[in-house]
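Subject: Two-chain model, handover and notes

Hello,

Here is the structure I promised to pass on. My notes follow below it.

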Amino acid sequence: MDAIRVNNLTKRYGSVLAVDGIDFTVPVGATVGLLGGNGAGKTTTIAMLLGLLIPSEGSIEVLGHAMARDRFAALARMNFSSPYVLLPQRLTVAQNLRIYGHLYNVPKLERRINELAEALDLTELLDRRTGQLSAGQKTRVGLAKALVNRPELLLLDEPTASLDPDSGDWVRSWLERYRAESGCTILLASHNMAEVERLCSDVLMLKTGRIVDRGSPQELLDRYGQEDLEEVFLDIARNRGLRDGRPAGGRAAGKPAAGKTAEATA
Amino acid sequence: MKHSARRIWGLMYRHLVLYRNSWPRLVELAYWPVLQMLIWGFTATFIATRMSAGPAVTAGAMLLGGVLLWEVALRSQMGVAVSFLEELWSRNLGHVFVSPMRPWEMVTAMLGMSVLRVLFGVLPAVLVAWLLYAYNLFALGPVLVLFFANLMLMGWWVALFVVALILRHGAGAESLAWTMLFALTPFSAVFYPVSVLPKAMQAIAYALPSAHVFEGMRGVLLHDTVRWDHLAAAFALNGVWMAIATLVFAGQFRAARMSGALLNIGE
């Protein structure tokens, strides 16, 4: 069973091809990383998965719902967090969580808010204005909002961007624990290679709108003969090629990772 | 339906707590209507001192009635448009649009906020008119409800056009939230009859529900007659304009999802 099925997904802005006919699936329960440089198509892909953007071609199925005709059924079962999309800063943390609890029709909302506050160490902050919080605290509030409806699919756009190492580590540990406990599927876009290596069972490497490679972090390291994903990222970004001599930036041919894997072709 | 009602309440709650947390926003609700009433009220009082008693009372009533009723349309339009802009300013639209909230539910929540903004904006001005100038708007009688309803409807469809333009042009179009209805004021015959306008402008005026409402108001004040023909025309025109505005809004919303404008609408 796949949480996400993407077929021939394409997005054109006039003559600019932002996403170029990508195909991939994300199995239920997997944590998949979407890696790529600026302009690689990560944000555009996530926006199409969320229904914010209509694809030029191709289809998206999320949790069994076709996004083109049934996106609201899917949106009720998923959620999203990004440091670049803010919550109203003048409202308190509790007020913000209450709003999204209503928008997602969360039953026993006050109890859910208290559960999340306890889990994410927000209890003391519930009556504070969101705009007065530190970056780390805001990230935790964003996560609480993203989890308010107990999503089966969580889309995270650079969840630890602008956090100090301690706060970033706290968020990563928390996400690992949450995924293990809830079985939630996570699609994570990030520039933090250590984060992707730690959290993701599979990685989709994007470049100029195409998926140029895929596999588990270990498979990618082996394939490129590198010690860490940052070097793999640089190999792909700079067209330095694979260890076996094939050029990077072309059609991905790597064997999918065993078990919970994202399968992709471009 | 129950789920829709809860989502609509969720977005209204978002704006209600915003007002509760921000006294400048609360003051702003009544600031302009009361200020307008003070300026026009004293102007009417001054004019009245230069006229004989009967015409002075009627002229004053038309002026103050015009000010108060036009504020209904203005506050109604701003109630919708500013609610949308608040989401844009707080960069929160992305979260709203990826929630299960349907566009029509979002619009309904904004209309609900518009009703509240009209009540909290116009009622203090009505009170000022009564206390300072002994002008009772409710003396127009039950037909006042129909005038109110028409002007609120007009505010709503103008606001839908404004929101559609913001969806198309981004925050650069936000000034339309304050200016668009003012552009229709000369054609709305708020303070003078449509007949004083040049012929070409009369045609535009009669295409607007507001001109029919104010002709109706003058019918009540001058002749003590309810002009049902004008009221029927106002409701019919509101229906037509609302249908056009809804289609434009829906088209622009889809166009924004095609162009990616929902991702960077704050710019």
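A:Leu50 counts as buried because it has 25 C-beta neighbours inside 10 Å. The cut-offs: buried means 20 or more other C-beta atoms within 10 Å of the residue's own, exposed means 12 or fewer, and partly exposed lies in between, with C-beta atoms placed from the backbone.

Before going on, the basis. This is a predicted model, in which local features need pLDDT of at least 70, side-chain atom pairs count only at pLDDT 80 or more, and totals for chains, interfaces and linings use all residues. Residues are numbered from 1 along each chain as its sequence is written, while chains are lettered from A and ligands numbered from 1 in the order in which they are written.

A:Leu50 sits in the loop between α1 (42–49) and β4 (57–62) of chain A. Helices here are DSSP runs of H or I with at least four residues, strands are runs of E with at least two, and both are numbered from the N terminus. Setting aside neighbours within four places in sequence, A:Leu50 is in contact with A:Phe80, A:Leu155 and B:Val98. Contact means C-beta atoms, placed from the backbone, within 7 Å. A:Ala74 is 24 residues from A:Leu50 in sequence, and their C-alpha atoms are 8.9 Å apart.

A:Val141 belongs to helix α5 (residues 135–147) of chain A. A:Val141 is also buried, because 25 C-beta neighbours fall inside 10 Å. Beyond four places in sequence, its contacts include A:Leu87, A:Val93 and A:Asn96. A:Val93 is 48 residues away along the chain, with a C-alpha separation of 6.9 Å.

The chains

Chain A has nine helices and eleven strands. Its radius of gyration is 18 Å, close to the 18 Å that the globule rule gives for 266 residues, so chain A is as compact as a globular protein of that length. That radius is taken over C-alpha atoms, and the rule is 2.2 Å times the number of residues to the power 0.38. The C-alpha trace of chain A spans about 55 × 40 × 35 Å along its principal axes. Buried residues make up 51% of chain A.

Chain B has ten helices and zero strands. For its 267 residues a compact globule would have a radius of gyration near 18 Å, and the 19 Å of chain B agrees. Its C-alpha atoms fill a box of roughly 65 × 40 × 35 Å along the principal axes. Buried residues account for 46% of chain B.

The interface

How many residues of chain A are in contact with chain B? The count is 26 residues of chain A against 27 residues of chain B. On the chain A side, α2 (67–75) and α3 (93–103) each give two or more residues. α3(A) gives the most, with six. By type, that side has 19 nonpolar, five polar and two charged residues. Nonpolar covers Ala, Val, Leu, Ile, Met, Phe, Trp, Tyr, Cys and Pro; charged covers Asp, Glu, Lys and Arg; the others, Gly among them, are polar.

α3(A) packs with helix α1 (residues 2–20) of chain B at about 160°, axes 7 Å apart. That makes the two helices roughly antiparallel. Axes are lines fitted to C-alpha atoms, for helices over the stretch in contact, and angles run from 0 to 180 degrees between N-to-C directions. Under 35 degrees is roughly parallel, over 145 roughly antiparallel, 65 to 115 roughly perpendicular, and the rest oblique. Among the residues that meet are A:Arg98 and A:His102 in α3(A), and B:Trp9 and B:Tyr13 in α1(B).

Best wishes

Methods
Two residues are in contact if their C-beta atoms, placed from the backbone, lie within 7 Å.
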